[in-house]
Amino acid sequence: MLGDDEDVFDSVTWESPAAPSNDVGTTAALSGPGYRQSTAESEEERGPNDPKWEGYLITTVRDPVKELAETKDAYVSYLVSAKTNLPIFSTPNPSSRRRFQDFVFLHDHLAKDFPACVVPPLPDKHRLEYVTGDRFSPEFMERRRLELHRFIQRLARHPTLQRSTLLRAFFESSEWHVHMHQHVAHPPGPEPSVGMIDSISDTLLNAFSRVRKPDERFLAMREGVDKFEEGITHAERLWNRMRSRTNDGNLESSGEDLTGDYHDFAVAVQGLGFLESGITDPLNHFSNTLLEFSALLRHTTHTNTDPFLVHLHSLLTYSHANRAVLKLRDQKQMDFEELSDYLSGITSERDRLAAVINGHAGSTGLGLGAYLKDKVDALRGADDDRSRVERMRKLDVKIKELQDAVTTAHETSDAFSEETLREQTVFQYGKEAEMKEMLGNLADGEIEFYKAAMEEWERIIPIIQRIRVDV
């Protein structure tokens with residue numbers, strides 16, 4: 001996965017029991033997660049868990065178009081394009097048009113094909129706050145486009161997902177529907193098989209199990225995820241409160257927020273202008289400035305605050321995907337621990353039967369359960385040496401199967417843990433890049449707002465100063 005000498009992880013079969021414009025232009029510098037060759041300064045400094053990129057993939061999602069507009073099957077397609085030097089792509093500038101369901105297929109199957117990777121979530125189909133109109137309105141399509149752009153951008157920044165054949169086909173294939181059917185019929189990697197882990201009773205493996213020997217590294221990661229999500233949730237709640245106080249979204253607001261207050265204040269000043277005939281013109285100018293400022297507040301909310309809130313929530317859902325990978329790693333370790341315990345119990349039972357056959361006390365020192373089992377066997381007439389030998393033979397076969405299953409579960413758990421460590425590094429770099437972009441866009445938007453506000457108020461000052469006051 002990370003090189004010819006590190007591809008052992010790819011051969012492991014993962015078995016389990018049952019988020020202003022954010023476009024990346026083609027002139028973007030080839031740096032940051034997904035654009036660098038390595039997270040280390042040199043190959044000598046690379047650690048065993050440091051991810052390595054084989055090239056860059058710069059992506060855009062733009063130009064939403066309503067297809068089959070006059071029919072009941074109307075949908076929106078988006079132009080997805082990229083600039084890349086990855087050898088898996090047949091052209092350095094692939095592009096194609098895809099609809100939302102194509103993005104859903106891409107997400108679902110990447111998550112299935114790469115269970116140890118943090119596959120970024122798609123925007124919720126029905127959760128687009130602060131957007132008015134139907135799903136074909138320009139505002140809705142633009143917001144959806146930004147969210148899909150962010151999804152593809154996160155895939156492009158991932159050193160493993162950016163090289164997947166499914167993502168390549170998503171950008172390049174002119175017969176995408178054929179490729180989808182082929183991918184479903186012939187998924188990459190070995191078919192999951194029903195193994196020993198799936199045959200154990202649900203009473204042994206259940207959702208309430210906990211890792212008995214937790215790894216301190218992953219405990220620290222889980223704590224970091226908890227703190228990050230707590231901070232994001234708190235920031236989202238505060239900014240939502242600020243938004244509702246600034247603009248509640250009602251264009252005819254009457255004093256429920258700041259935009260409505262400034263609008264009402266402008267109307268009141270305009271009314272004073274009709275009463276004060278000597279200063280009607282300056283008061284009208286002042287009233288117009290208040291209206292302009294109210295509109296500026298509303299505009300800033302839609303172009304700066306709302307995208308910030310959407311991106312903030314998108315980061316939260318991205319973190320949830322990261323948490324899911326950590327939880328799946330814990331499940332792999334629990335599989336190994338539970339199988340080991342199961343093997344130990346079966347081995348003890350086999351040893352007990354051997355002791356009975358050899359003339360030793362069968363259930364002595366093995367607990368109440370073994371004692372009761374001996375008594376039940378005696379009542380059933382199954383306590384003769386022939387039946388014990390047959391049971392020992394079956395237990396020997398089961399022990400061999402369990403030993404193989406424990407070995408496989410241990411290798412799987414170790415491999416998944418190593419890949420999870422790499423995934424955390426990739427996620428951390430991506431998260432830092434997104435937070436830098438998100439906060440930078442917010443700061444730029446606030447600067448533009450205050451500059452425009454200063455210009456509005458500075459224009460009215462000379463007009464107010466020309467009002468003559470006779471003492």
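Reply: Salt bridges, then the sheet

Asp 396 and Arg 350 meet through their side chains in a salt bridge, at 2.8 Å from N to O; the term stands for a side-chain nitrogen of Lys or Arg within 4 Å of a carboxyl oxygen of Asp or Glu. The model is predicted, with pLDDT of at least 70 needed for local features and 80 or more for side-chain atom pairs, while totals for chains, interfaces and linings use all residues. Residues are numbered from 1 along each chain as its sequence is written, and side-chain values use heavy atoms, without hydrogens and water.

Helices (H or I, at least four residues) and strands (E, at least two) are DSSP runs, numbered from the N terminus. Asp 396 is partly exposed at 34% relative accessibility, and Arg 350 is partly exposed too, at 24%. Here buried means under 20% relative accessible area, exposed over 50%, and partly exposed in between, with a 1.4 Å probe and protein chains only.

Arg 391 and Glu 349 form another salt bridge, their closest N and O atoms being 3.2 Å apart. This pair also links α10 (residues 385-465), which holds Arg 391, to α8 (residues 280-357), which holds Glu 349, across 42 residues. Glu 349 is buried, with a relative accessible area of 17%.

The structure holds 22 salt bridges. One of them joins the side chains of Arg 163 and Glu 54, at 3.8 Å from N to O. Arg 163 sits in the loop between α2 and α3 and Glu 54 in the segment before β1, 109 residues apart. Glu 54 is partly exposed at 39%.

Now the sheet. The open sheet has 3 strands in the order β1-β2-β3, paired antiparallel; two strands count as paired if DSSP finds at least two bridges between them. β1 (57-67) and β3 (95-99) each have a single partner strand, so one side of each edge strand has no neighbour in the sheet. On average, neighbouring strands are turned by 25° against each other, direction ignored. Such axes are lines fitted to C-alpha atoms, for helices over the stretch in contact, and angles run from 0 to 180 degrees between N-to-C directions.

Strand β2 (residues 75-84) runs antiparallel to β3 and is joined to β3 by 5 bridges. Val 80 stands opposite Ser 96, and Leu 79 has Arg 97 as its bridge partner. In β3, Ser 96 and Arg 98 form the covered face, and Ser 95, Arg 97 and Arg 99 the uncovered one.

Helix α1 (residues 100-113) packs on the sheet and touches β1, β2 and β3, with its direction at about 100° to that of β3; contact means heavy atoms within 4.5 Å. Helix α2 (residues 138-157) also packs there, touching β1 and β2, and its direction makes about 155° with that of β1. The buried residues of α1 include Phe 100, Phe 103 and Leu 110. They pack against β1, β2, β3, α2, α3 (165-172) and α4 (176-185).
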